[in-house]
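Here is my note for your first look at this structure. Keep the view open and follow the points in order.

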Amino acid sequence: MGEKRIVYMDHSATTYTKKEVLEAMIPYYSEHFGNPSSIYSIAGDSKKAIDAARVQVAKALGADPDEIYFTSGGSESDNWAIKGVAFANRKKGNHIITSAIEHHAVLHTCKYLENEGFTITYLPVDRYGMVDPADLEKAITEKTILVSVMFANNEIGTIEPIAELGAVAHNHNVYFHTDAVQVIGNVQVDVKAQNIDMLSLSAHKFYGPKGIGALYIKKGVKIDNLIHGGGQERKRRAGTENIAGIVGLGKAIELATADIDGHNRRIRGMRNRLLQGILTKIPGAYLNGHKEKRLPGNINVSFEFIEGESMLLWLDDEGICASTGSACTSGSLEPSHVLLATGLPVEISHGSLRLTLGVINTEQDVDFVLEVLPKVVSRLRDMSPLYRKRGKEGGSDVQ
Amino acid sequence: MYSDKVMDHFKNPRNVGEIENPDGVGEVGNPVCGDIMKIFLKIENNIITDAKFKTFGCGAAIASSSMATELVKGKTLEEAWEVSNKAVAEALEGLPPIKMHCSVLAEEGIHSAINDYRKKHGLEPWIERNPHPHDHHEDLDGDH
């Protein structure tokens, strides 16, 4: 037996760290270890590295370097943006608007704020997972202080009309935050043109290290600190800087945004072939999310009559790493809140499979999944009490 | 996450399928919760001579169905009724806490099939001594 083949198709969960990124980071663990807050000259190397990374991040977002704040990742950035704006603008109002399909870092932060006296509106989405700017317009009141809608959804890959949503918020002088964790390197970000006041990102989603992220805060936004302590990050985010992480983030974002179009073409080509193959080969398979306004590597399909976790276990047995919106992997009885928000029936939501392609995938990986997946689905359907062998049913089509 | 025994019964489930003209059939769970088990029993002279299942559910649900049908085969109805969810979980060398409800479902499936047989024969259905509540758990999200 040779080494087991691993086909990693869970890039929305995390990515590996690129070699160039890791190589850029290593000296900051051993050689340039000085605390950037210290006075001696070796600390200056650390400080310079942080400044350079800040420029790299700013450039990727169309922001100014002094609008970039390093954090521990996407969750901290979301928490900071939402709690920070909520508490700093409490006198102005206590109403926050978000969407029903946000990541839990946003949704649970909003739930927490509900207990603190804030009112939250959760905007609905259509069957493709799209938020309608007209719904936002209707939801804004004179008490609204913040709108937070994700740039693209992590489960179904739907890309939201961010510039339009930001424009609506700005017409009412309301701050606009977006969780852009899934989009860096996949969609061109330009915070000024897209009307974004705050943006969360996380390095490990674009081939950088885990434990490091950033929050873009437009100059002039009134926001409280989240982490209190020393004077790092221009007195807005305390804690000795994760220098190697910051260097890695800078390098990773530079690489990820160097050729977004080329990356899209390559990943989308493989994704479309895989998706088309799944829908053609497997009856009773349905695409979740939007057909075109979709992250290039994202596939989210539901299979009738079977449950997601058992699918993942069989796929894992074949070396394929994937993800599901079934309740059984989350430990709750409820399946994915995102799939339910799109109006997908609960029982079909349990049978969802997410495959997210990235730079390590090849056409051979696509062939392999197309060979394995139909067998897995058919094996599980054969033991499902819900499955009655019906005539051939086609899956939904896709562009 | 799962014991070797669970994985064995998930990957090589025993007794998958249906029994033609079964003496007792039980269906428990519902698709909304993500688990459905259908248990088929062949009963001769008060003894379960064959048991089969069909299950829609996670790995633990499939393994629990497989193990439960193994455990009741050859037992009298009284003995089979006493096969608890704990016995199923122990025979599987343990289930993660959040998956214990799958073994409960297996116990309930066997009970439901036994009572189906009793009703068909004009007997009073036996009563569940320890009705199990379904557990709710906080979810974990790995995408950040």
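1. **Terms first.** Helices (H or I, at least four residues) and strands (E, at least two) are DSSP runs, numbered from the N terminus. The expected span of a helix is 1.5 Å times one less than its number of residues. The model is predicted: local features need pLDDT of at least 70, side-chain atom pairs count only at pLDDT 80 or more, and totals for chains, interfaces and linings use all residues. Residues are numbered from 1 along each chain as its sequence is written, while chains are lettered from A and ligands numbered from 1 in the order in which they are written.

2. **A helix in chain B.** Start with helix α2 of chain B, residues 59–72. It has 14 residues and reaches 20 Å from its first C-alpha to its last, close to the 20 Å expected at 1.5 Å a residue. Is α2(B) mostly covered, or mostly open? It is mostly covered, with 13 of its 14 residues buried. Buried means that 20 or more other C-beta atoms lie within 10 Å of the residue's own; exposed means 12 or fewer, and partly exposed is in between, with C-beta atoms placed from the backbone. Gly74(B) follows α2(B) and has a positive phi, near 85 degrees.

3. **The rest of chain B.** Chain B has five helices and three strands. From the N terminus on, they run α-β-β-β-α-α-α-α. Of the 144 residues in chain B, 45% are buried. Two residues are in contact if their C-beta atoms, placed from the backbone, lie within 7 Å. Take the contacts in chain B between residues at least 6 apart in sequence: 60% of them join residues at least 24 apart.

4. **Two domains in chain A.** Chain A divides into domain 1 (19–256) and domain 2 (259–382). These bounds come from an automatic or database domain assignment. The C-alpha centres of the two domains of chain A lie 28 Å apart. Domain 1 of chain A gives 20 residues to the contact, and domain 2 of chain A gives 21 residues. On the domain 1 side, the residues are 10 nonpolar, eight polar and two charged. Here Ala, Val, Leu, Ile, Met, Phe, Trp, Tyr, Cys and Pro count as nonpolar, Asp, Glu, Lys and Arg as charged, and the others, Gly among them, as polar.

5. **The seven-stranded sheet.** Seven strands of chain A form an open sheet in the order β2-β8-β7-β6-β5-β3-β4, with mixed pairing. Two strands pair if DSSP finds at least two bridges between them. The edge strands are β2 (68–71) and β4 (119–123) of chain A, each pairing on one side only. Neighbouring strands of this sheet are turned by 20 degrees against each other on average, direction ignored. Axes are lines fitted to C-alpha atoms, for helices over the stretch in contact, and angles run from 0 to 180 degrees between N-to-C directions.

6. Why is β7(A) described as largely enclosed by the rest of the structure? Five of its five residues are buried, so the rest of the structure largely encloses it. Met198(A), Ser200(A) and Ser202(A) point one way, and Leu199(A) and Leu201(A) point the other way. On one pairing, β6 (175–179) and β7 (198–202) of chain A run parallel over three bridges. Thr178(A) has Leu199(A) as its bridge partner, and Asp179(A) has Ser200(A). Five bridges also join β7(A) to β8(A), and these strands run antiparallel. There, Leu199(A) stands opposite Tyr216(A).

7. Helix α3 (41–61) of chain A touches β2, β7 and β8 of chain A. Its direction makes about 115 degrees with that of β2(A). Helix α4 (74–88) of chain A lies across β2, β3, β5, β6, β7 and β8 of chain A, at about 160 degrees to β7(A).

8. **Helix α5(A).** This helix covers residues 104–115. Which of its residues are buried? They are Ala105(A), Val106(A), Leu107(A), Thr109(A) and Cys110(A). Their cover includes α4, β3, β4, β5 and β6 of chain A. Gly117(A) follows α5(A), with a positive phi near 95 degrees.

9. **The three-stranded sheet.** In chain A, β9-β10-β12 form an open antiparallel sheet. Three bridges join β9(A) to β10(A), and Leu287(A) stands opposite Val301(A) in β10(A).
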